[in-house]
Amino acid sequence: MKFKNLLLAGAIMASGLATAQSTAVVEEQENAPTISRHIYGHFAEHLGRCIYGGFYVGEDSEIPNTAGVRTDIIQALKEMKIPNLRWPGGCFADTYHWKDGIGPKEDRPTIVNRWWGGVTEDNSFGTHDFLNLCEELDAEPYLAANIGSGTVQEFTDWIQYVNHDGESPMANLRRENGREKPWGVTYWGVGNEMWGCGGNMTPEYYANLYRQYATFMSSWDNDSGIYRIASGANVDDYHWTEVLMRDVPSHLIEGVALHSYSFVEWDAKGPAVDFNELQYFKTIERALNMETLIQKHTAIMDKYDPEGKIDLIVDEWGGWYNVEEGTNPGFLYQQNTMRDAMIAGATLNIFNNHSDRVKMANLAQTVNVLQAVILTDDEKMILTPTYHVMKMYAVHQDATLLKLDLKTDAYQYDGKKVPAISVSASKDAQGKVHISVVNVDMNKSHNLSLDLTSLNLKKADASILSAPDVRDHNSFDNPNKIQVEEFKDFKFKKGNLSVDIAPFSVIMFELN
Ligand code: AHR
């Protein structure tokens, strides 16, 4: 047993708490949905040090870069199999004028980032930089357009600039700026948080505006396959989803968004690292509430779209805490602990299990902002526990969802309960079965018994992300404190798998 696992075992024994029991039967199902790889998407806003000083250091930087973007970040994101990247916001999107970010960099006007720290940006990272980065990453770009302070013409010009192959004013301008072939962007967001920073609109007003914009985004029959995503509800604003589904004709919309963050209280978010159990419990409770949110928003969508043609796109989710001491409050820079690994693992399991309707999601945000997968400090870069969960779970991308009926024990705190164990399972194109398991209980180990007999599996391997303390994290002085390790401490006999899952740990099983 490794030293870390010994510590874990010691901590559990010292707490005198017995192992609790959870069970599930895992089976193939008819008409099973594919888990879209886009559920594992990310989000990069012009916010704090996400773009400038994060992704983008400029071509003249001493930090190794590809066209100004850090090579180590590109490498790490490729290894994590990033499937898509949303840009340029967030709230920033509805202030952004894309034409300010093309052409010679020295001629570009500046922009004051009004929402995030009031800093002046030089627009040196623009459309070409972003779309070339996506090509380098082999990730689909997801462009969020400016509806709040832009125009229909500005939006349709952007689509023509990046997507038109023939002669046209915008396509020719693109060529003048050095790019012959269009990038072919499929995913487009029609504004962001239109109920808030996007313009404080009512759903009725936005639904009408959306119809207008969506009309001009494509041809009569959308033969170019543009995928239009309407700005969606804030958490449990079911009225927003109801109005959009009711008022927008189905031929004008491919996806409806939803945003939900996990925090202690909006006005008292608590520390990213030195949280107490109450703060931990409340954050996890909020993260697990994603299950209810998806069920209820989906029920509304089912009413108007029984065939399930319109997708639910959770294009902002993740943990949101107080910024690290001494950093700009508008930059939303926070550390990332095993609590974040719990949020990531459990939320991704929820998305997988709802992959019939949830077709894309975007963790906020990729580098140096909120629940980041990567943190940087000058030339240094670290991978967070969230990164490791995303990389472990990449095996679910484009795999077929397996049915599971989970009976889980509870994690209890101060008379309140949440399910302790979260599981999702899939079968990939090679016939390998992957089962991701999370124990969010901060104190207690839980036994999970999985009945896999119908799947005819012979061999099982596993990996684990765990730590002695839930507040543990990687730091620039200790970048590999938390990393994925091989895990052998389970029994697999005659199709039955039994495992004791340590508190706040994530396990990925691979069986065939
Ligand atoms: O991700 C940070 C901000 O959170 C986004 O800009 C906005 O859409 C949301 O409120």
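First, the ground rules. This is a predicted model, in which local features need pLDDT of at least 70 and side-chain atom pairs count only at pLDDT 80 or more, while totals for chains, interfaces and linings use all residues. Residues are numbered from 1 along each chain as its sequence is written, and side-chain values use heavy atoms, with hydrogens and water left out.

Let's start with the barrel. Eight strands close up in the order β2-β5-β8-β9-β10-β11-β12-β13, and the pairing is parallel. Helices and strands here are DSSP runs numbered from the N terminus, with at least four residues of H or I for a helix and at least two of E for a strand. Two strands pair if DSSP finds at least two bridges between them. From one strand to the next, the twist averages 30 degrees; axes are lines fitted to C-alpha atoms, for helices over the stretch in contact, and angles between N-to-C directions run from 0 to 180 degrees. As one example of the pairing, β5 and β8 (residues 140-145) run parallel and share four bridges, and Trp87 has Leu143 in β8 as its bridge partner.

Stay with Trp87 for a moment, please. Most residues other than glycine have a negative phi, and most peptide bonds are trans. Yet the bond between Trp87 and Pro88 is cis, with omega about 5 degrees. Pro88 sits in the loop between β5 (84-87) and β6 (111-112). Gly90 is in the loop between β5 and β6 as well, and the peptide bond joining Gly89 and Gly90 is also cis, with omega about 15 degrees.

Now, the ligand. Which residues come nearest to it? Of the 13 around it, they are Glu45, Cys91, Glu193, Tyr261 and Glu316, where near means a heavy atom within 4 Å. The shell divides into seven nonpolar, three polar and three charged residues. For that count, Ala, Val, Leu, Ile, Met, Phe, Trp, Tyr, Cys and Pro are nonpolar, Asp, Glu, Lys and Arg are charged, and the others, Gly among them, are polar. For polar contacts, we want a pair of N or O atoms within 3.5 Å. The side chain of Glu45 has an N or O atom 2.7 Å from a ligand oxygen, and a polar side-chain atom of Glu316 lies 2.7 Å from an oxygen of the ligand. Cys91 contributes a polar backbone atom, 2.9 Å from a ligand oxygen. Taken alone, the ligand exposes 280 Å², and the protein buries 94% of that, by the Shrake-Rupley method with a 1.4 Å probe.

Over to the open sheet. Its six strands are ordered β16-β20-β21-β27-β23-β24, with antiparallel pairing. β16 (400-401) and β24 (485-486) are the edges, each pairing on one side only. β16 is joined to β20 (residues 421-427) by two bridges, and Thr400 has Lys427 as its partner. Helix α10 (residues 338-353) packs on this sheet, touching β16, β20, β21 (433-439), β23 (460-465) and β27 (505-511), at about 50 degrees to β20; contact means heavy atoms within 4.5 Å.

Last stop, a hairpin. β14 and β15 have two residues between them, and Asp378 in the turn has a positive phi of about 50 degrees. Thanks, everyone!

Methods: A polar contact is a pair of N or O atoms within 3.5 Å; within protein, one must be able to donate a hydrogen and the other to accept it, and residues adjacent in sequence count only if both atoms are side-chain atoms.
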